[in-house]
Amino acid sequence: MSRTIVISQSMYFPWVGLLEQIRLADIFVHYDDVQYSKGSFTNRVQVKGANGVGWMTLPLRDYHFGQHIDQVMLDDRTDWRGKHREILRQAYRKAPFRDDMLALVDGVFSLEVRSVADISRHSMLALAGYFGLEPQFLSAGDLPVPGSSSERVCDIVSYLKGSSYVTGHGARNYLNHSLFEDRGISVDYMRYQCTPYPQLNGDFTPYVTALDLVANCGADGAKYIHSGTIGWKEFTQ
């Protein structure tokens, strides 16, 4: 039986590209027990409004270098939820499915969370649920698979009895493909289509939060989440 595994760090209301990976997964693993990288998309995302593209960033509390993503705490001394909601309300005030988008955000913001990993996972689950994407979601920290780098990723896929591992383009620079081949696991990279959809405020960009797809297209936006993959050998040629 074929089984596709996707392993990725959680991202805060991520771009459509991460939903593309979720769509292809039988099992999606949140890889949050690894070192947090400052400036990554784990705690920030781009939002497109009438004045262009800006950032929406989660505030961190007592962060220090070397912490894992699931150890980085949110700074709730500021009303970042209210600030982010207002950014989104303003950016999409003329969007046809603005209310859907805000209801999704309100649902996530109503949950009790402490860490960046918590809020990012919940935001991904909410977006996936809205578009009917329903793989099995797991957390790497709950799996009895220690280690690091390519070896651990391969071990996780093996533990979950995966026959295929799908990943984003960034893995090209570090993934040891032969490890997977030796275990009979195929490695495929995303072939992002970045299909334009009706989008307010100027020229289309795919690199903003998937809340943009919700606000502009509603649940029908699922039809724009349709990218396939390409084998690693062809991709890395």
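Axes are lines fitted to C-alpha atoms, for helices over the stretch in contact, and angles run from 0 to 180 degrees between N-to-C directions. Helices (H or I, at least four residues) and strands (E, at least two) are DSSP runs, numbered from the N terminus.

This is a predicted model, in which local features need pLDDT of at least 70 and side-chain atom pairs count only at pLDDT 80 or more, while totals for chains, interfaces and linings use all residues. Residues are numbered from 1 along each chain as its sequence is written, and side-chain values use heavy atoms, with hydrogens and water left out.

**The sheet**

Next, select the strands in the order β7-β2-β1-β8-β9-β10, which make up an open sheet of 6 strands with mixed pairing. Two strands count as paired if DSSP finds at least two bridges between them. At the edges stand β7 (136-139) and β10 (228-231); each has a single partner strand, so one side of each has no neighbour in the sheet. On average, neighbouring strands of this sheet are turned by 30° against each other, direction ignored.

Now keep β8 (residues 164-167) and β9 (residues 186-191), which run parallel and are joined by 4 bridges. Pick Val-166 and look across to β9, where its bridge partner is Asp-188.

**The salt bridges**

The structure holds 12 salt bridges, each defined as a side-chain nitrogen of Lys or Arg within 4 Å of a carboxyl oxygen of Asp or Glu.

Asp-33 sits in the loop between β2 and β3 (44-49), 119 residues from Arg-152 in helix α5, and the pair links distant parts of the chain. Buried or exposed? Arg-152 and Asp-33 are both buried, where buried means under 20% relative accessible area, exposed over 50%, and partly exposed in between (1.4 Å probe, protein chains only).

Move to Arg-191 and Glu-234, which form a salt bridge at 3.9 Å, N to O. Arg-191 lies in strand β9 and Glu-234 in helix α8 (residues 232-235), so the pair ties together parts 43 residues apart in sequence. Arg-191 is partly exposed, at 39% relative accessibility.

Finish at Arg-61 and Asp-62, a salt bridge whose closest N and O atoms are 4.0 Å apart. Arg-61 is partly exposed at 33% relative accessible area, whereas Asp-62 is exposed at 61%.
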